[in-house]
Amino acid sequence: MYVIVHQGGALRGAFGAHVIASLMMKRRPDLVLGNSIGAVNGSVAASGRFGALREFWLSVDGKNIIDGISGFLRPSLFGGKGGLLSLAPLRAKLEKYVTLEGLQVPFGAGVVSKRTFEYITLLSDEMKTDEDLVDAIEGSSAIAFIMEPVTIDYQDQQVTVCDAGHRHSIPMIPAHLLPSVTEVDVILCNPIEPQPTEVRKTDGIFDAFAWLLQAMSVTTQAADLNVYYDMAKSGVRVRIFAPPCNLGNMLDTDSATIRRRWYHGGVAAENPVIL
């Protein structure tokens with residue numbers, strides 16, 4: 001069983017988008033797993049929408065306190081139902097690009113139960129409707145207390161879930177599938193050894209959000225990678241695709257930055273680190 005797992009990383013996901021598109025245009029995996037922006041890229045790629053994935057990223061250019069980040073998020077000026085930022089623009093994109101019927105490869109999104117803090121993988125094979133699929137991806141991206149969490153049906157009960165990065169920035173393969181796994185491609189949005197990020201003040205709410213995302217990602221990445229190092233030691237073929245350096249603040253949106261990340265993703269897709 002060949003699995004692709006895609007780390008979260010906010011707008012550094014432009015790097016991972018090019019990697020996953022390049023990999024899947026050459027070979028179809030048996031399963032794609034994604035956390036946060038990795039779930040966004042993973043679901044679109046699993047649908048075979050590579051042109052849409054490129055368009056989705058290369059159309060990003062700029063952010064502001066009123067409109068937010070086009071195609072991703074916008075401020076909830078009155079706090080909304082659950083936070084300062086809304087993922088409504090992202091949800092609208094997902095509803096356009098991904099459906100259960102359109103998936104060409106089984107897909108899974110990592111989420112965290114807000115009540116129990118349990119990490120859960122929501123698999124497309126266990127979903128019933130397109131809304132279930134979009135809910136899973138949005139839930140995987142919804143930072144607790146900053147964005148409204150998402151309530152889903154899971155094991156015959158209602159569960160409120162939020163961003164998978166609260167537990168794992170890199171998706172974890174469900175235990176019942178592990179015995180069948182022979183190959184894993186790990187797509188990172190950070191360098192393998194995370195490097196310091198310059199702190200600069202440009203826009204309060206977005207800088208605070210970017211700092212939180214970066215802190216979560218760096219904190220969990222090392223432990224998550226150890227899981228895949230152990231898999232490699234057990235005989236699973238593991239390849240890692242990672243940026244060569246920090247590719248800017250996680251919420252940098254200028255077109256030059258996005259295009260640089262996309263370019264580096266194309267280069268990295270041809271130069272994996274093999275464990």
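Reader: Which residues have the most contacts inside the largest nonpolar core?
Author: A nonpolar core is a set of buried Ala, Val, Leu, Ile, Met, Phe, Trp, Tyr and Cys residues joined through side-chain atoms within 4.5 Å. Buried means under 20% relative accessible area, while exposed means over 50% and partly exposed lies in between (1.4 Å probe, protein chains only). The largest such core here has 67 residues, and those with the most contacts inside it are Trp 57, Phe 72 and Phe 107.

Reader: Which helix gives the most to this core?
Author: Helices (H or I, at least four residues) and strands (E, at least two) are DSSP runs, numbered from the N terminus. With eight residues, the one that gives the most to this core is H1.

Reader: How many residues are in the other core?
Author: Another core lies apart from the largest one, and Val 5, Ala 232, Val 236 and Val 238 are among its members. Its number of residues is 24.

Reader: What kind of model is this?
Author: Residues are numbered from 1 along each chain as its sequence is written, and side-chain values use heavy atoms, with hydrogens and water left out. Local features need pLDDT of at least 70 and side-chain atom pairs count only at pLDDT 80 or more, though totals for chains, interfaces and linings use all residues, as this is a predicted model.

Reader: How many helices and strands does the protein have, and what share of its residues is buried?
Author: There are seven helices and 13 strands. Of the 275 residues, the buried share is 59%.

Reader: Which residues does Phe 107 touch, leaving aside its neighbours within four places in sequence?
Author: Contact means heavy atoms within 4.5 Å. By that rule, the partners of Phe 107 include Leu 31, Val 32, Gly 34, Ala 39, Gly 42, Ser 43 and Ala 46. Further along the chain they are Leu 122, Leu 123, Ser 124, Leu 133 and Ile 137.

Reader: How far apart are the end C-alpha atoms of H1?
Author: The expected span of a helix is 1.5 Å times one less than its number of residues. For the 14 residues of H1 this gives 20 Å, and the separation of the end C-alpha atoms agrees with it: 20 Å.

Reader: How many residues of H1 are buried?
Author: Phe 15, His 18, Ile 20 and Leu 23 are among the buried residues of H1. The helix is mostly covered, since the buried count out of its 14 residues is 12.

Reader: At roughly what angle do H1 and H7 cross?
Author: Two packed helices are described by the angle between their axes and the distance between the axes. Axes are lines fitted to C-alpha atoms, for helices over the stretch in contact, and angles run from 0 to 180 degrees between N-to-C directions. The axes of H1 (residues 13-26) and H7 (residues 255-268) come within 7 Å and cross at roughly 35 degrees.

Reader: At roughly what angle do H3 and H7 cross?
Author: Here the helix that meets H7 is H3 (residues 50-58), and the two axes come within 9 Å. Their crossing angle is roughly 145 degrees.

Reader: Which residues of H7 make the contact with H3?
Author: On the H3 side, the contact is made by Leu 53, Arg 54, Trp 57 and Leu 58. Their partners in H7 are Ile 258, Arg 259 and Trp 262.

Reader: Is Ser 36 buried or exposed?
Author: Ser 36 sits in the loop between strand S2 (31-35) and helix H2 (37-46). Its phi is near 55 degrees, a positive value in a residue other than glycine. With a relative accessible area of 12%, Ser 36 is buried.

Reader: How many residues of H2 are buried?
Author: The buried residues of H2 include Ile 37, Asn 41 and Ala 46. H2 is largely enclosed by the rest of the structure, because its buried residues number 10 of the 10.

Reader: What is the relative accessibility of Phe 117?
Author: Phe 117 is placed in the loop between strand S7 (107-113) and strand S8 (119-123). Its phi is also positive, near 70 degrees. Phe 117 counts as partly exposed, at a relative accessibility of 43%.

Reader: What distance separates the C-alpha atoms of Val 218 and Ser 169?
Author: Val 218 lies in helix H6 (residues 204-233), and Ser 169 is found in the loop between strand S10 (157-163) and strand S11 (183-187). Ser 169 is buried at 5% relative accessible area, whereas Val 218 is partly exposed at 34%. The two are 49 residues apart along the chain, and their C-alpha atoms are separated by 8.3 Å.
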